[in-house]
Amino acid sequence: MLKTPALILKKQNLGETDRILTIFSPILGRKRVIAKAVRRPLSKLAGHLDTMMLSRIMLTDEDELPKVVSAVLAEPFEQIRDCLPLLGRAYAVTKIVERVVIEDVGERPIFQLTVDTLMRLNLGERWDTNWLFFLAKLSGRLGVSVSRFDCGICREPIKSDGYWRIDEHQLTCRACGETLNTLELEYNSIKLLKLLAESDYFVVKRVNVPELVGSQVEEIYLRLVTEWLNKPWTSYSSFQPPNPNQ
């Protein structure tokens, strides 16, 4: 038997009463498991194993489709599950996680980052800083983060608007000029990239992120994270200006 926290990413009905779950565990990484009889009206597991729930589960030892023996709900993320816009944002997070996390390979830092991001979303934290902080720390964990903030050509500090060279994965200043496959960046976007790389969330959350700056920074991180997935970065884009009415 194995005990592990598990974030329920997906569910798929099997037969008349069973369900296959895709979970994210800090011990097992991404894993498909089976919940027997979970769809029966009196199932003790039903209220603990729905999509976007965090539960503590016990699994059998099978390599393929281990069975859920027991489950205790740890965090229901009620605000997320009851609000369609929040649920869409939560799926933006788990969609990336599901692709980058490998099956049967433990990934505690990404698991904790994911849970922390969903916790902040559930508590009503601003989406722009929460989302960008998640992308920044995820890219760091994957080894593809932005780590240099001077010009990649002349090595001088960048003190105004600049460029992101997509193929070279580096920033350049205006003086070194624009080339093919570059993104034009506001100076505030370059400063935000540096802040995200070097600061914790409690510093980042105090920053006012203009829509254009947020979009530019999001594009850089999504290009870095999704490049090895062979998927267009735009299919993972979820940045929206915060809605004061939510």
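1. Phe149 sits in the loop between H4 and strand E6 (162-165); helices (H or I, at least four residues) and strands (E, at least two) are DSSP runs numbered from the N terminus. The model is predicted, so local features need pLDDT of at least 70 and side-chain atom pairs count only at pLDDT 80 or more, while totals for chains, interfaces and linings use all residues. Residues are numbered from 1 along each chain as its sequence is written, and side-chain values use heavy atoms, with hydrogens and water left out.

2. Phe149 is buried, at a relative accessible area of 15% (buried is under 20%, exposed over 50%, partly exposed in between; 1.4 Å probe, protein chains only). Setting aside neighbours within four places in sequence, Phe149 is in contact with Ile158, Leu171, Ile190, Leu193, Lys194, Ala197 and Glu198, contact being heavy atoms within 4.5 Å. From Phe149 to Cys173 the C-alpha distance is 10.0 Å, at a separation of 24 residues in sequence.

3. The largest nonpolar core holds 58 residues, and Ile96, Trp131, Val146, Trp164, Leu171, Leu193 and Leu196 have the most contacts inside it. Such a core is a set of buried Ala, Val, Leu, Ile, Met, Phe, Trp, Tyr and Cys residues joined through side-chain atoms within 4.5 Å. Apart from it lies another core, of 15 residues, including Ile8, Met53, Ile57 and Ala71.

4. H2 (residues 84-100) packs on H4 (residues 127-141) at an angle of about 5°, the axes being 11 Å apart. Axes are lines fitted to C-alpha atoms, for helices over the stretch in contact, and angles run from 0 to 180 degrees between N-to-C directions. H2 and H4 are therefore roughly parallel (under 35 degrees; over 145 is roughly antiparallel, 65 to 115 roughly perpendicular, the rest oblique). Arg89, Ala92, Val93, Ile96, Val97 and Val100 of H2 meet Trp127, Trp131, Phe134, Leu135 and Leu138 of H4. These residues divide into 10 nonpolar, no polar and 1 charged; Ala, Val, Leu, Ile, Met, Phe, Trp, Tyr, Cys and Pro count as nonpolar, Asp, Glu, Lys and Arg as charged, and the others, Gly among them, as polar.

5. H5 (residues 187-198) and H7 (residues 211-226) pack at about 55°, with axes 9 Å apart, and are therefore oblique to each other. The contact joins Asn188, Ser189, Leu192, Leu193 and Leu196 in H5 to Val213, Gln216, Val217, Ile220 and Tyr221 in H7. By class these are 7 nonpolar, 3 polar and no charged.
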